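Have the sequence and the structure open side by side as you read.

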Amino acid sequence: MKKNFGFSLGGPIIKDKLFFFVNYEKKLTTAPGTQRIASSAANPYSVANPNVVQASETFLNEVSSYLANTYGYATGPYQGYSNKSDNEKMFARLDWNINKNHRFSVRYNQVESKSPSSASTSTGGSPIGSITGYAYVNARSGTARNAGLPFFNSNYYQAANLYSGVAELNSNFGSKVTNVARVTYSHQNDPRTTDGTPFPLVDILDGNPTSNSNLGSVLTTFGYEPFSYGNLRDVTSYTYSDDLSLALGKHNLTLGVQAEYSTTKNGFQRFGTGFYTFRSWNDFITNQRPAQYTVTYPLTADGSQAYPSFKFAQYSAYLQDEFTITDRLKLTAGLRVEQASYPDVTEVRTHPLVAGLNFGGQKVDTGVLPENKVSFSPRFGFNWDVNGDRSLQVRGGTGIFTGRIPFVWIVSQSGDAGLIQYTQSYVGNAAPLFNPSIAPQLSTAAPAAGSSIPSSGISVMAPDLKFPQTWKSSLAFDVKLPGGVVGTLEGIYGRDLNVAFARNLNLVNPSIQIAGYGDTRLFYPVSNSDKYYNPINSAGLPVAQGTPSGGVNGTVTGFNAIQMSNVKGGYNWMATAQLTKQFSNGISAMIAYTRSDQRNYGDQGGDQLANLWSLPQTSGNPNNQTLSYSSNLNPDRVIANISYRKAYFGNLSTSFSLFYEGAQQGRFSYTYNGDFNRDGVSGNDLIYIPNPGELTAASFVAIPAGTTGYSRAYSAQEQADLFEAYVGQDKYLSKNRGKFAERNGGTSPWRNQFDFRLTQEVFKDFGKTKNSFQFTVDIFNVGNLLNRKWGNVNFVNNAAILVPQNISAINATTKPTFRVANASNDIVKETFGTSQTISSTYYMQFGVRYNFN
């Protein structure tokens, strides 16, 4: 349910001199929470019940009751709850006509919003997924059929608050010179909160690992969301600019300068309340040792949370010339020059232990930021009215555009260095017993800043890092066709000149290859002491490569040293054809088709710099990513709209519109479950699509009866046959046999959606005041109202279709063995399922609006 209300009001304060305008809007949304439910006798976990999860109602009720009675912790519900979000907007403007040559205005804009999300599925910075044998089979939350079902108080809200003000002076100096001086203030404040009280985060597994590479499947999660404790993104910016325009005959010149100053403060204390993984519920209630424990704690003198921060400044100068060659042809050319700098980075310091290490012939200094370089962005455009009557227009342009690297990635250089806060992990016998306190449960002494390297890893920017730059070009034709139809044909092309790219400098090059096997990728060593150039012991101190675990060293692990640098070569293009027609009887219509393609080295998602390296799936060395499809790419899209408006009786009007959109529902990657190539990242390994007969019964391990997630036993031969049938029913896999799956190579099915709106207006004049009352009815996905099979949303049952069983044993002579993955309590047989949530149904919205002038 959505509730929207608001008002706007404007008018003169002093006639012809001083004016005001205010606007206020508020939207309250209540939507169903998770559509997934716990299993029960009435709703068993099975293929027939795609929204039913493995965890039972009895089990989850027991968990909630136990935590309340034992620790006084309230988990909140696990199903049947609503998600509430709000969005509030305010705008105010004051305009002052000082005199005929000078006008001054002040604008203030405020947006406050809060959106709910399920508990993050990320385990980055912990041993889960980064140490062999410590992966999860599934995610702790989400819509995947095998995902866990967290309690409500482990979910979170992401706020997006923006407060901005602008003061602007527009001046005319004669008929040929104008000037705009502008001062802008903005404050972005985006905290992350939950409805729960601070309590350690706990993942409870089912106690049934599917191979020696994982711990089992997550049944449920309770405690404080892993990345919300003290999470804050706060950016305050001041911008000063001045634009001078000169009218010189056929040339209109604009010269401008701009100075921007910002201060960024970032609170990111991953697992700040502590994060435990228990192999089973029984292990938890009988006080057994957890599989792992991870916590991040501040190194400040008083123990208060550390907020990494830095100051940023950017200076710009630009020149533009609009050259009117004739009444039909106009050219625009310009150049923008920018230089970025970091005036205060006192928290960006050198880690003495890291600085002394050798990373495969390269040094890393966490105290060095990129050089202050000047960037140039030239641009050119044109508009040509071919016949002089707008019957045929040709327009286009080309230019270089410079962007920004997310400040949250920049500030992570100080936050991840282990100098102002520290992430500590323990596994096996070193892991502490559960304690409901959120205070760090350390079994070793807390290190002094710079005396230990955090196992969660460090993040740095390359000294020669450049801000992203893209070369974009466009060409379009607008033509008046017979019958009053207007046609548009437009093409857009972009190429990345510099884009952010990350490598793990501490990871050795993979060198193990399986002889005589179709999957020719290279594997990393099994041992962490051999996998990293610089392994560390349990105290976070560097040890020699090859040092075994045990004795004074405890568990020898590695750490990721993620360096952000640049790469070039990504590209995107889009071609659109559109027809519009305005009829004389109040009907208007439009239809458009877009074909597009986009390739990159990764989608640059996530709030951690480490995500830039770990998230892109690969079939090779993750430090040498190759171009592949963007997850945001929909290759084909059709939109259409028809609307009609009729006024009658002098004070009534009725209008309706029908909007259509048809497109693929997104892209996805086919991967192995777990850390197949042993690079320390789980779920980022693209599968090899075998030729017929390459995977025989000998390639599979039998699934015994009673295995979690499967309805019955499956022999190795059955799995070989079922996998062959799966590949056959999948268009992408069947067409690419003998190859590696591409990142985001899979395309979800086409979906059609129709949205209908009816508007009824009543007009009434009171003296010189014109008033109108408007009533609206929106039916979204109206096709589903007519047929329940129309407008449905599809999802991928399980993109990780093969579960490796012998990851640690793979070598030059030992081939991998697998189990076919499961979905909805049985072996996966089809690529796609149909969502049984509100996204697949129609829904309505009613609105009322009153206007007066």
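## Around T834

T834 touches N792, V793, N794 and F795, leaving aside residues up to four places away in sequence; contact here means heavy atoms within 4.5 Å. T834 sits in strand β43 (residues 832-834). Helices (H or I, at least four residues) and strands (E, at least two) are DSSP runs, numbered from the N terminus. With a relative accessible area of 29%, T834 is partly exposed. The cut-offs are under 20% relative accessible area for buried, over 50% for exposed and in between for partly exposed, using a 1.4 Å probe and protein chains only. From T834 to G602 it's 232 residues in sequence and 28 Å in space, C-alpha to C-alpha.

A word on ground rules: this is a predicted model, where local features need pLDDT of at least 70 and side-chain atom pairs count only at pLDDT 80 or more, while totals for chains, interfaces and linings use all residues. Residues are numbered from 1 along each chain as its sequence is written, and side-chain values use heavy atoms, with hydrogens and water left out.

## The second largest pocket

The volume of the second largest pocket comes to about 920 Å³. Its lining has 30 residues, with F5, G6, F7, V848 and R849 nearest the centre. Two or more lining residues come from each of β1 (2-14), β2 (18-32), β5 (82-99), β37 (769-780) and β44 (843-852). Strand β1 gives the largest share, 9 residues. By type, the lining splits into 9 nonpolar, 12 polar and 9 charged residues.

How is that worked out? On a 1 Å grid over the protein atoms alone, a pocket is an open set of points with protein on both sides within 12 Å along at least five of seven lines, and lining residues have an atom within 4 Å of a point. Grid points are joined across faces, edges and corners, and the volume is the space filled by probe spheres set on the points. Ala, Val, Leu, Ile, Met, Phe, Trp, Tyr, Cys and Pro count as nonpolar, Asp, Glu, Lys and Arg as charged, and the others, Gly among them, as polar.

β14 (residues 232-248) and β15 (residues 251-267) pair antiparallel over 17 bridges; pairing takes at least two DSSP bridges between two strands. V235 faces T264 in β15. The hairpin of β14 and β15 has 2 residues between the strands, and G249 there takes a positive phi near 65°.

β15 also runs antiparallel to β18 (residues 309-324), joined by 15 bridges. V257 has A317 in β18 as its bridge partner.

## A buried helix

Why is helix α4 (residues 407-415) described as largely enclosed by the rest of the structure? It's because 9 of its 9 residues are buried. Among them are F407, W409 and Q413.

## Loop residues

N736 lies in the loop between α8 (731-735) and β34 (739-740). At 15% relative accessible area, N736 is buried, and its side chain reaches the backbone oxygen of Y732 at 2.8 Å.

Most residues other than glycine have a negative phi. R390 has a positive phi of about 65° although it isn't a glycine, and R678 has a positive phi near 65°. R390 is in the loop between β20 (374-385) and β21 (392-402) and is exposed, at 54% relative accessible area. R678 is in the loop between β32 (667-668) and β33 (688-689) and counts as buried, at 0% relative accessibility.

How values were computed:
1 Å grid on protein atoms, 1.4 Å probe; cavity = no way out; pocket = protein on both sides within 12 Å on 5 of 7 lines; lining within 4 Å. Polar contact = N/O pair within 3.5 Å; in protein donor to acceptor, adjacent residues only side chain to side chain.
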